Structure formats: structure tokens, C-alpha cells
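Please read them with the structure open.

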Amino acid sequence: GPFVDHTLGSRAGHYLYIETSIPRKPNETAQLESPLLDAQQDYCVSFSYHLYGSSIGNINVRIKENGTMINGPVLVETGPSQDLWKNATIDIQAKEFAFQVVIEGVVGVNYYGDAAIDDIHIDNHSCTDHADAMAKVPFLG
């Protein structure tokens, strides 16, 4: 994984990453699921990610309703492979049913690459709304 976390920019911080060494196989996944979110609400999902290595996989953001992933990913982050943290922001519009946001790390073609995430936020407003509506929903209990 990365040498430092995104929050503190030091080894004292923490982040989550998918280990790609043996016994992992290409295209295996690790998934982090949000709590169940209200269907009648728009959300802004933001996080930092780090993709590094010669054969990195990718990070997907997906929506899960009633225990089933719906459609394809709403976001796919792939290289280019750089040893730095980048930021992602995704608008999630209100749904018909309560749902979960799933951040998914996918193993690349071999063990020469890692995908990490940090500073995950789910705000209960559209990303385009004003900053004064910043009520946070905790992602990790």
C-alpha cells in the first residue's frame, strides 16, 4: 500500500487497501459497504484513492439495492499508476428503494500493484449543493 495516508500525510495515519500478493488472483475484489441509506435523499460520496504499481487493478463505486448490485459501476478509477493520492466525488441521486454505496477494489493482472482508499465521506446532499448543508453520514461505524 501507500507509504503514507491521505489524512495526515504520514505513516501515523490509516487507510484501507486491497492486498494483491499471493494468494490473491486477478479480478478478485474487496468491498466496503456503507450503512443503508434513505432512498428519498440525494448524496455526495467523496474519498481519496491511491493506485500504484505496474499492473494495478481499479476502484469501482457501485450501488446495492435489496442485497443486489444494480447496473454497472457509477465510478471506475484506473491508473495511470502514480505514487500519489487523488480525490473522487460522486453524486448519487435519490433511489426508489433504500440502498448502500459499495466501494470495490479489484486486483490487477498480478501482484505488482495496490489500490487504497482513505477519507471516505457520504454527505446527505448533492455534491453541487452549497457547503452549508454538510451533515455527515458516518461510513465506517
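Predicted model: local features only at pLDDT ≥ 70, side-chain atom pairs only at ≥ 80, totals over all residues.

1. Four strands make an open sheet, and their order is 2-7-4-5. The pairing is antiparallel. Strand 2 (29–33) and strand 5 (68–77) are the edge strands. Each has a single partner strand, so one side of each lacks a neighbour in the sheet. From one strand to the next, the twist averages 25°.

2. Strands 4 and 5. Strand 4 covers residues 58–65 and pairs with strand 5 in the antiparallel sense. Six bridges make up this pairing. In general, strands of a sheet pair through backbone hydrogen bonds.

3. The disulfide. How many disulfides does a search of the whole structure find? The search finds one. It joins C44 to C127, with an S to S distance of 2.1 Å. The link is right-handed, with 100° about the S-S bond. C44 lies in strand 3 (residues 43–53), while C127 lies in the loop between strand 8 and strand 9 (136–137), so the pair ties together parts that are 83 residues apart in sequence.

4. Exposure of the two cysteines. Is C44 buried or exposed? C44 has a relative accessible area of 6%, so it counts as buried; the cut-off for buried is under 20%. C127 has a relative accessible area of 24% and is therefore partly exposed.

5. A nonpolar patch. I22, Y111 and Y112 make a nonpolar surface patch of about 370 Å². Y111 sits in the loop between strand 7 (99–106) and strand 8 (113–123). With a relative accessible area of 43%, Y111 is partly exposed.

6. Positive phi at N27. Most residues other than glycine have a negative phi. N27 is not a glycine, yet its phi is positive, near 75°. N27 belongs to the loop between strand 1 (16–18) and strand 2. Its relative accessibility is 61%, so N27 counts as exposed.

7. Positive phi at N66. N66 is not a glycine either, and its phi is positive at about 50°. Where does N66 lie? N66 is in the loop between strand 4 and strand 5. Strands 4 and 5 are the antiparallel pair of point 3. N66 is exposed, with a relative accessible area of 64%.

Definitions and conventions. Residues numbered from 1 in each chain as written. Heavy atoms only, no water. Pairing = 2+ DSSP bridges. Helix = DSSP H or I, 4+ residues; strand = E, 2+ residues; numbered from the N terminus. Axes fitted to C-alpha atoms, helices over the stretch in contact; angles between N-to-C directions. Patch = residues over 30% accessible without salt bridge, like charges linked within 9 Å, V, L, I, M, F, W, Y side chains within 5 Å. Areas by Shrake-Rupley, 256 points an atom, 1.4 Å probe, with all protein chains shown as cover. Salt bridge = Lys/Arg side-chain N within 4 Å of Asp/Glu carboxyl O. Buried < 20%, exposed > 50% of the residue type's maximum accessible area, 1.4 Å probe, protein only. Disulfide = S-S within 2.5 Å.
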